[in-house]
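User: I'm new to this structure and would like a close look at one part, the nonpolar core. Could you walk me through what is in there and what sits around it?

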Amino acid sequence: WHYWWQAHLLDTLVDAQVRDPDPLRVDRIGRQIRGHHARNLGRWTNNYYDDMAWLALALERAQRLAGVTTPRALRSLSRQLTGSWMPEAGGGIPWRKQDQFFNAPANGPAGIFLARYGDLGRAEQMADWIEQTLIDPDTYLVFDGIRDGSLVRAQYTYCQGVVVGLETELAVRTGDPRHVRRVARLFCAVAEHM
């Protein structure tokens with residue numbers, strides 16, 4: 001059983017409901033959420049911040065687009081994502097609890113969720129941390145992360161995707177042109193280098 005795979009499954013159920021609304025599917029979404037909680041031993045959280053961010057995004061979408069509400073789960077996940085910040089590491093959050101690996105795949109989806117959940121300040125801190133720490137000055141692609149103070153220079157497509165998503169969410173929600181510029185720059189970098 002993989003926590004984050006279940007979060008993505010929930011997202012696909014929400015996508016299906018948006019494309020073809022069906023009351024039975026709303027029930028299926030609710031059962032999937034309850035099953036996730038039960039299988040995770042009655043908790044919404046686990047030790048991986050990227051996993052929790054994906055579940056938070058899926059639950060927020062289930063609420064907003066399918067009317068399936070889980071306010072306690074969203075509050076719990078929001079607390080985990082905002083409480084994981086280590087000031088000495090800048091604006092980012094670690095990949096997992098008690099770890100010193102701070103990466104784009106955890107910060108991107110966490111920032112997207114926090115922006116949608118109304119914590120724009122924290123989401124912007126994450127985006128600014130990525131901008132200052134993980135952007136390759138030569139290509140403008142996103143590096144994977146920082147492990148124990150050393151840059152992990154790998155440049156994966158999923159890193160680019162979650163950062164485009166975060167900066168787009170912030171551009172829409174804040175109207176700040178720096179986020180629009182970052183999205184455009186990253187699109188150009190991906191087109192040129194990937």
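Analyst: Let's start with the largest nonpolar core, which has 50 residues. A nonpolar core here is a set of buried Ala, Val, Leu, Ile, Met, Phe, Trp, Tyr and Cys residues joined through side-chain atoms within 4.5 Å. Buried means under 20% relative accessible area, exposed over 50%, and partly exposed in between, using a 1.4 Å probe and protein chains only. Inside this core, Ile29, Leu59, Leu81 and Val142 have the most contacts. Two or more residues come from each of helices H1 (3-19), H2 (23-39), H3 (49-66), H4 (71-83), H5 (104-117), H6 (120-133), H7 (157-174) and H8 (177-193), and H3 gives the most, with 10 residues. Those helices are DSSP runs (H or I, at least four residues), numbered from the N terminus.

Keep in mind that this is a predicted model: local features need pLDDT of at least 70 and side-chain atom pairs count only at pLDDT 80 or more, while totals for chains, interfaces and linings use all residues. Residues are numbered from 1 along each chain as its sequence is written, and side-chain values use heavy atoms, with hydrogens and water left out.

Now zoom in on Val142. Contact means heavy atoms within 4.5 Å. Setting aside neighbours within four places in sequence, Val142 touches Ala104, Ile130, Leu134, Ile135, Ala154, Gln155, Cys159, Gln160, Val163 and Leu186.

Some of those names come back around a gap.

Over in helix H1 you'll find Leu13. Leu13 counts as buried because its relative accessible area is 15%. Beyond its neighbours within four places in sequence, Leu13 is in contact with Arg25, Arg28, Ile29 and Gln32.

Finally, look at Ser78 in helix H4. Ser78 is buried too, at 11% relative accessible area, and its contacts beyond four places in sequence are Phe113, Leu114 and Tyr117.
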